[in-house]
Amino acid sequence: MFGGKVLAVGIGTVLCIVVLYFGSHHQAYLADQQIQMKKLISSLENQLQLQTKDVSQQRREITEQTKKIDAIQNSLAELKVQAGADDGTCAINPSFYFEDTGEIVPECPLHLPLGVLDINQVFLPEKVFMLNLPGQWENFRARRDDFQRHGITLERFKGVDGSKTFHHIYRTVDINGKRTHVYLDPVTKEVIRPGAPGYLSPGERGYLASMQQIFESVLNSKTNTFAVFDDDAVLHCDFVSQMKRVMAQRRCGLPVQPHGTGGALLLGSSVWINGTWPERGKYTGGWAQIEQDLNRVRAVSRVKPLCFNVDSKTMGSFGVIYHRKILPTALDWIKSTTVPFDHIWKHLVAAGFAVRAAYPSLVIQDVRHASAVDETRKGQENLEHRARLHRWHIPNFCDPLTGKPMLLND
């Protein structure tokens, strides 16, 4: 019996040793498995992070591709507007074409120059000038600070003071009891009165001479696109982003992009009359024809047009973007013209350049002062009246001095 107890104790001891042995090895095994599991989890987490990054990158790429597809679709929609008529006839400016011929034709397409990779990237003008007469520094300073608020560096260009530079070719005479400046042609000695064909005021001659100097300066540089503002220009409160929106529309922006077709984009305009469109005559141009131009684009492309083709009644040059390609043509015209500068648009169109105007306007004139270009322009200083005529929405524009939206009762 005693021997049985010893045997039982021995067996128990052996079993304990076995259990302890295998137990320790099992714990080591479990610990090793735990380490392996942690490594696996870490590996999976790393893979998940990489996949998440890949998904995010893919989403960004899809978003970019979607934007490009949308841009292409918009371009295709705009090209529908520019598709030729049944007989292949088109015009770079259908409005001027109608005024000249009485025929309604679509826009000719704007052909993108070779070597351009991304037509959807919008470039702002490389240089921005402001015409400012000598002695009018304060006008420039206020605008300079205002443009700077929009992130635009403004260069002052001293304009030609026509009243001083061209005084020798004018005479003051009495007409119906009123002292009036008349033009004395240096060659023919013909006297031309205000309002007569060929008459330009001293200020209008000074403006032409100023634009000639700017154009020659740019032509002698490497600048491709540039903007010129008058020193009474007032900007839209959200000017830069609104300008980008306009220029992003192919038919509006491509003519004045560095790689573009060449042309001009009026950032604001003065249209004085409704016009007689569709009846042709001296007053065909005006809002009626402009509305027809906008409606035609909207109907075919289903895209809200942000610019229109200028016509014979689209006036103003107080804020314009130009492409250097127009400069030789423009300079030839300036040197021989007998009409004010803002009659140049039709001449540029006749040379094959697209000239369009932003709508609604992104720049207006602060007309609450007498004209520095033509002293005979009386009664045009009422901003409320001018805003109604030209369809300027005054609350969209910020006062250069305060940076706050303008009020008509200011």
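Predicted model: local features only at pLDDT ≥ 70, side-chain atom pairs only at ≥ 80, totals over all residues.
User: OK, how many helices and strands does the protein have?
Analyst: Eleven helices and 14 strands. Those are DSSP runs numbered from the N terminus, with helices being H or I of at least four residues and strands being E of at least two.

User: And what share of the residues counts as buried?
Analyst: 43% of the 410 residues. Buried means under 20% relative accessible area, exposed means over 50%, and partly exposed is in between, using a 1.4 Å probe and protein chains only.

User: What about the accessible surface of the protein?
Analyst: It comes to about 22,500 Å², and 56% of that belongs to carbon and sulfur atoms. The areas come from the Shrake-Rupley method with a 1.4 Å probe, and for residues only the protein chains shown count as cover.

User: What share of the contacts is between residues 24 or more positions apart?
Analyst: 72% of the contacts with a separation of 6 or more. A contact here means heavy atoms within 4.5 Å.

User: Switching to holes. How many cavities of 30 Å³ or more are there?
Analyst: Two. A cavity is a set of points, on a 1 Å grid over the protein atoms alone, where a 1.4 Å probe fits but cannot get out, and lining residues have an atom within 4 Å of a point. Points are joined across faces, edges and corners, and the volume is the space filled by probe spheres set on them.

User: How much space is in the largest cavity?
Analyst: About 70 Å³. Its lining includes Pro94, Phe98, Trp277, Asp293 and Arg296.

User: Which helix gives the most to that lining?
Analyst: H8, with four residues. H2 (94-101) and H8 (287-301) each supply at least two. By class, the lining has five nonpolar, three polar and two charged residues. Ala, Val, Leu, Ile, Met, Phe, Trp, Tyr, Cys and Pro count as nonpolar, Asp, Glu, Lys and Arg as charged, and the others, Gly among them, as polar.

User: Arg296 is in that lining. Is Arg296 buried or exposed?
Analyst: Arg296 is buried because its relative accessible area is 15%. The residue is in helix H8, and its side chain makes a polar contact of 2.9 Å with the side chain of Asp293. A polar contact is a pair of N or O atoms within 3.5 Å; within protein, one must be able to donate a hydrogen and the other to accept it, and residues adjacent in sequence count only if both atoms are side-chain atoms.

User: What's the volume of the second largest cavity?
Analyst: About 30 Å³. Among its lining residues are Trp287, Tyr359, Pro360, His390 and Arg391.

User: Tell me about His390. Where is it?
Analyst: His390 is in helix H11, residues 383-390. It counts as buried because its relative accessibility is 1%. A polar atom of its side chain lies 3.1 Å from the backbone oxygen of Val271. Leaving out residues up to four places away in sequence, His390 touches Ser269, Ser270, Val271, Trp272 and Trp287.

User: And Arg391, what's its phi?
Analyst: Near 60°, a positive value in a residue other than glycine. Arg391 is in the segment after H11 and counts as partly exposed, because its relative accessibility is 31%.

User: Where does Arg302 sit, and is it buried or exposed?
Analyst: Arg302 is in the loop between H8 and strand S10 (307-309), and it counts as exposed because its relative accessibility is 77%. Phi of Arg302 is also positive, near 60°. Most residues other than glycine have a negative phi, and most peptide bonds are trans.

User: Which peptide bonds are cis, then?
Analyst: One is from Trp277 to Pro278, with omega near 10°, and another is from Tyr359 to Pro360, with omega near 0°. Pro278 is in the loop between strand S9 (270-271) and H8. Pro360 is in the loop between strands S13 (354-358) and S14 (363-365).

Methods:
Residues numbered from 1 in each chain as written. Heavy atoms only, no water. 1 Å grid on protein atoms, 1.4 Å probe; cavity = no way out; pocket = protein on both sides within 12 Å on 5 of 7 lines; lining within 4 Å.
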